[in-house]
Amino acid sequence: MKPVKHVIALDVGGTGMKAALIAEDGTLLHEARRATGRERGPEAVVETILDFASELLVLGLERFGTAASAAGVAVPGIVDADRGIAVYAANLGWRDVPMRELLGRRLGGIPVALGHDVRTGGLAEGRIGAGHGADRFLFVPLGTGIAGAIGIAGAIEAGAHGYAGEIGHIVVRPGGPACGCGQHGCLETLASASAVSRAWAAASGDPDADAADCAKAVESGDARAREVWLSAIGALADGLVTAITLLDPRTLIIGGGLAEAGETLFTPLRAAVEERVTFQRLPEIVPAALGDTAGCLGAGLLAWDLLATEVPA
């Protein structure tokens, strides 16, 4: 069998990890999932990642006739990609974890690329997903929180300090709900899936109700649900117009749990954004295409990009 060149891709979440072996043309050669082991502490999470990557290295060698050429890993929180350090991840209990060094050592010295989970997912969506062909795009996943990835000419802009794209912390309702960042009225306190879940649980009187339930109630004509839904969409549109004004993206890609509501979200959202723009050019507003594989695919792209930029010895 002719050896198949490939890379290891890892997407680390708060409770679970997705992994893949990815060929040079983007083909998924192998996929796997595993719990992070977060309940056993921060060090256990790191060891789980290293063990998982080691198993993938062996599997790739056995199944495809050659060891992985590189690895890419996407992690949550604050990431210093240049130094390869996971600076801070509250949901994993991490501070200053030298992930690139640790993974490189465990994997026999192959190159390792480290990225922020949302920016890495955005890289995949922009390059091979919903934003394919767009020279400028903004990826905004609406999940537990709200983050963003700014795409420029096939790459993601991280900013001078690694914080670029944090659209969830634009204040859209001054004096509004307290946010974990220390501000009040941040976009993610009003328009994330978590925020909609909280608002609908309160409005419906069902403490177990969530954003998906709210969307279904909207579709069935429930007036209370519609009020909650449109309030969130109004806040989201305000935040997105601020982003459009600053970034002028050609494509605006919306992902995360709320995007699963389909046109129940996108029809009123497109209308709300259009109502708010004046001189700005309206971008195409589209749903994300890659689902929960985006982070893993993006990690693979980071690995291949790293190989492409390496200077031969």
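Student: How do you know that β9 and β10 are paired, and in which sense do they run?

Tutor: In this predicted model, four bridges join β9 to β10 (residues 149-152), and the two run antiparallel. Pairing asks for at least two bridges, so four are enough to call these strands paired. One place to look is F139, which stands opposite A149 in β10.

Student: Which strand pairs with β9 in the parallel sense?

Tutor: That is β12 (residues 251-255), which pairs with β9 over five bridges. F139 stands opposite I253 in β12, and F137 stands opposite T251.

Student: What makes β9 count as largely enclosed?

Tutor: Five of the six residues of β9 (residues 136-141) are buried, so the rest of the structure largely encloses this strand. Buried here means under 20% relative accessible area.

Student: What makes β12 count as enclosed too?

Tutor: Five of the five residues of β12 are buried, so β12 is also largely enclosed by the rest of the structure. Look at the directions as well: T251, I253 and G255 point one way, L252 and I254 point the other way, and all are buried. In a regular strand, side chains alternate between the two faces of the sheet.

Student: Which strand is joined to β12 by four bridges, and what is the hand of the crossover to it?

Tutor: The strand is β13 (residues 284-287), paired with β12 in the parallel sense. I253 has V286 as its bridge partner in β13. The chain crosses from β12 through α8 to β13, and this β-α-β crossover is right-handed. The word right-handed is used because, with the strands pointing away from the viewer, the path from the first strand over the helix to the second runs clockwise.

Student: What makes a group of residues a nonpolar core, and how many residues has the largest one?

Tutor: The members must be buried nonpolar residues joined through side-chain atoms within 4.5 Å. The largest such core has 43 residues, and those with the most contacts inside it include V140, W229, L240 and V273. Elements giving two or more residues to this core include β9, β12, α7 (223-247) and α8 (263-276). α7 gives the most, with twelve residues.

Student: Which residues is V273 in contact with, leaving aside its neighbours within four places in sequence?

Tutor: V273 is in contact with A237, L240, V241, I244, L282 and I285.

Student: Why are β5 and β7 called edge strands?

Tutor: They belong to an open sheet of three strands in the order β5-β6-β7, with antiparallel pairing. β5 (78-80) and β7 (94-97) each have a single partner strand, so one side of each is left without a neighbour in the sheet. Neighbouring strands of this sheet are turned by 15 degrees against each other on average, direction ignored. β6 (residues 85-89) pairs with β7 over three bridges, and Y88 has R95 as its bridge partner in β7.

Student: How do you know that C179 is in no disulfide?

Tutor: The nearest cysteine sulfur, that of C181, is 3.7 Å away. The structure holds zero disulfides.

Student: Are C179 and C296 buried or exposed?

Tutor: C179 has 10% relative accessibility, and C296 has a relative accessible area of 6%. The cut-off for buried is under 20%, so C179 and C296 both count as buried.

Notes: Residues numbered from 1 in each chain as written. Predicted model: local features only at pLDDT ≥ 70, side-chain atom pairs only at ≥ 80, totals over all residues. Heavy atoms only, no water. Axes fitted to C-alpha atoms, helices over the stretch in contact; angles between N-to-C directions. Buried < 20%, exposed > 50% of the residue type's maximum accessible area, 1.4 Å probe, protein only. Contact = heavy atoms within 4.5 Å. Disulfide = S-S within 2.5 Å.
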